[in-house]
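User: Walk me through this one, please. I'd like to start with the helix packing and finish with the ligand.

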Amino acid sequence: MAKNRLYHDFNNINLNIMSNENKSIHEFEFELICEYFSGIERQGPGSPEVTIKALSFIDNLTNESHIADIGCGTGGQTMVLAEHTQGDITGIDLFPAFIDLFHVNACKLNVQNRVKGIVGSMDNLPFQSEELDLIWSEGAIYNIGFERGLNEWKKFLKKGGYIAISEASWFTEERPAEINTFWKDAYPEIDTIPNKVIQMQKAGYIPVANFILPENCWTEHFYKPQVEAQEVFLRKYKGNQVAEELIANQRHEALLYSKYKMYYGYVFYIGKKL
Ligand code: SAH
């Protein structure tokens, strides 16, 4: 893998596939990463409570609304959205294996008639201009970058439509070198909350609300379910360097979080298109 950084495992694969270099190796990595993340309910930090809280700031929805969930993964948060909204929801993710599981999850909840998953890329979304009432995206916009996503996706929103995004952010102006270096390498666009809010405003949205995701979104809902999944995975792929590196990255990231969680985390940003 190009970088020893979990956070961008998805992103590295994405870029590597695009550049088509060493294709067979990257396809293998890609499959392993998909398999690993398919085994857990969420592919990023979050919780049902947080999804519902973010939704509470959004007041334009009816049973005719069109909602998109971009970088939906296997649909953990999409199903929560489905239970608390009436309109239709289109989940989009780059990885077909995640969309397959998304469909299974929609069927389990019996919402498959209004909640559909499609394979596609967030830099080439299949929506019409001003078609959407709400754009949702948890822990995924980093794949094209916060500012770029805010700017490019805006055209798909109706005037007065909402965007709700969770994004890695700094809580303080300064932080220890170890965590600073980790993030600058993994995601150089990580920034402080006020700077992210300004970016949202400059992109043409009213910054309606923002809040920090509580720690349990990382511990209970993201890292804890991985502990068992990692053991199963390592047993299955014993001696496989790619698999071992993937798990080592995950564990390293979890360790960094426990050490430096006062300096960074995920923040939900909710904006309304002018
Ligand atoms: N929203 C989910 C998944 C977050 S992980 C959750 O919170 O659980 C980030 C997701 O973005 C992954 O599912 C990954 O497959 C997807 N992704 C990465 N690059 C993408 C792209 N270019 N277009 C669409 N989805 C992408």
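Analyst: Contact here means heavy atoms within 4.5 Å, and helices are DSSP runs (H or I, at least four residues) numbered from the N terminus. The model is predicted, so to speak a computed one, with local features needing pLDDT of at least 70, side-chain atom pairs 80 or more, and totals for chains, interfaces and linings using all residues. Residues count from 1 along each chain as its sequence is written, and side-chain values use heavy atoms, without hydrogens or water.

User: Which residues of α4 does α3 meet?

Analyst: Helix α3 covers residues 48-55 and helix α4 residues 76-84. From α3, the contact uses Pro48, Thr51, Ile52 and Leu55. Their partners in α4 are Gln77, Val80, Leu81 and His84.

User: How many charged residues are in that contact of α3 with α4?

Analyst: Sort by class, with Asp, Glu, Lys and Arg charged, Ala, Val, Leu, Ile, Met, Phe, Trp, Tyr, Cys and Pro nonpolar, and the others polar. The contact of α3 with α4 then has five nonpolar and three polar residues. As for charged ones, there are none: no charged residues.

User: How are α3 and α4 oriented to each other?

Analyst: Their axes sit 9 Å apart, at an angle of about 50°. Under 35 degrees is roughly parallel, over 145 roughly antiparallel, 65 to 115 roughly perpendicular, the rest oblique. The α3 and α4 pair is therefore oblique.

User: What about α9 and α10, how are they oriented?

Analyst: Helix α9 spans residues 219-236, and helix α10 spans residues 241-260. The axes of α9 and α10 come within 11 Å and cross at roughly 150°. That pair is therefore roughly antiparallel.

User: Which residues of α7 meet α10?

Analyst: Helix α7 (residues 177-186) packs on α10 at about 135°, with the axes 11 Å apart, so the two are oblique. On the α10 side, the partners are His252, Glu253, Leu256, Lys259 and Tyr260. From α7 come Glu178, Ile179 and Phe182.

User: Now the ligand: how far is the polar side-chain atom of Asp93 from the ligand oxygen?

Analyst: Altogether 20 residues surround the ligand (a heavy atom within 4 Å), the closest being Arg42, Gly71, Asp93, Met122 and Glu138. For the Asp93 side chain and the ligand oxygen, the distance is 2.6 Å.

Conventions
Axes fitted to C-alpha atoms, helices over the stretch in contact; angles between N-to-C directions. Polar contact = N/O pair within 3.5 Å; in protein donor to acceptor, adjacent residues only side chain to side chain.
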